[in-house]
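Subject: Structure for you to look at

Hello,

Here is the structure I promised to pass on. Please open it and keep it beside you as you read my notes.

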Amino acid sequence: MDLGLIQPVAQIYNGYPFGFLFLIITASMYLARDFARANRKILEKERAAKDMEISQQLLEAEDNRKARELDEARKLQLSLLPQCDTNIFDYEFCFDMRTASEVGGDYYDYSVSKSDEISVVIGDATDHGMKAGMMVSIIKSLFLTHVNNTEIKGFLNNCSHTIKMMKLKNLYMALMLLKIKDHTITFSSAGIPPLLIFRRNENEIEEHKIKGMPLGAVDTFPYEVKNVSLNKGDVVLLMTDGLPELFNSDNDTFGYERIKNIFIQNSAKPVNEIVNSLFLAADEWLNDSDQNDDITLVAFR
C-alpha cells in the first residue's frame, strides 16, 4: 500500500489489521493442529498402554500355564520315586531329594528280585530341569526292566549303550547301583560320589570310592565292582554331588569332611533323622543363598 502496489480495501490504508486477522487465523490453525497432534499422542499412549496391559496379562497367563505344567511334572516325578521311610526285610531305608528347580535331575529307586535281592540305585543327570527330568524317566524305565535280571556291570553298560544310541548330545547320567544280599552289598559307580559306611563297632566312617564314566558318555566301560560285608547297626549313605558341592554365599563348598562329621554325630538316630540332619546342615550352609544343584540322599541300616 505504501508503494501504491495494492489499493486500499474498505478505506483501510494500514495493513496491520489484515496482518492481525491473518495472525489470528494462522494461530487458530496451528493450535487446532497442535491439539489434534496432542490428542492423537494421548490416544496412541492409551492404546499402547492397553496393548501392554493385554501383553502383560498374556505373559502372566503363559507363566501361570508353564508353572502349572512344571508343578504337574514335579508331582509326577515325585510319584515315581520311593517314600523316605521304607522298610525292606530287616533293613531300614530313607530316600530323600531336594531339587534346585521344579523338575529335578536326580534319581533314586529300589527293586526286590524273586530271590530277595535288594537293588538300590541313585543317579544324577547332567544339569537339572526338564531335560534332566527326561533322562530320569529313561533310567527308571531301564532300571525297572533290567535290574533284577542283569549283573551290575552289564546293567551299567546296557544303560550307557542305550543312552548313547538315543543321541541326547551332552545329556549324561552319573549313577551308582548296589545290590544287597545276605548282609553283603555289591556295588559299582558311574561318576557318583563315594559310598560312606558308618561302622557301629568301630565308631568310624568307611569311604568307598569307585571311578567310572557317566552313563551315555561311551558305549562300554570296564566298571569296577566291589563287595562289602555289613554288620548289625552299620549305616550306609549314598549321595549325589549336590550336597558336597553345595556353595554358600562366600562361594565355599560344603565338602565331604563336613558330611562325615554330621553323619557320625547322628549315626545312632533312625536313618530318616540322619538324612534330615544333613538337609538341615545344608540349609544353614546356604543361609538364604540359592541352591545350585539337586541334593539326593539315600541311607539304610
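Two strands pair if DSSP finds at least two bridges between them. Strands (E, at least two residues) and helices (H or I, at least four) are DSSP runs, numbered from the N terminus.

The model is predicted, so local features need pLDDT of at least 70, side-chain atom pairs count only at pLDDT 80 or more, and totals for chains, interfaces and linings use all residues. Residues are numbered from 1 along each chain as its sequence is written, and side-chain values use heavy atoms, without hydrogens and water.

Start with the hairpin. E5 and E6 form it, with two residues between them. Asp182 sits in the turn and has a positive phi of about 55 degrees. Seven bridges join the antiparallel E5 and E6 (residues 184–190). Leu178 has Phe187 in E6 as its bridge partner.

On to E4 (residues 118–125). Eight bridges join E4 to E5, and the two run antiparallel. Lys179 in E5 stands opposite Ser119. Ser119 in E4 also stands opposite Ser111.

Now the whole sheet. It is open, has five strands and pairs antiparallel in the order E3-E4-E5-E6-E9. E3 (106–112) and E9 (226–229) are at the edges with a single partner strand each, so one side of each has no neighbour in the sheet.

How enclosed is E5 (residues 173–181)? Eight of its nine residues are buried, so E5 is largely enclosed by the rest of the structure. Buried means under 20% relative accessible area (1.4 Å probe, protein chains only).

Best wishes

Definitions and conventions. Buried < 20%, exposed > 50% of the residue type's maximum accessible area, 1.4 Å probe, protein only.
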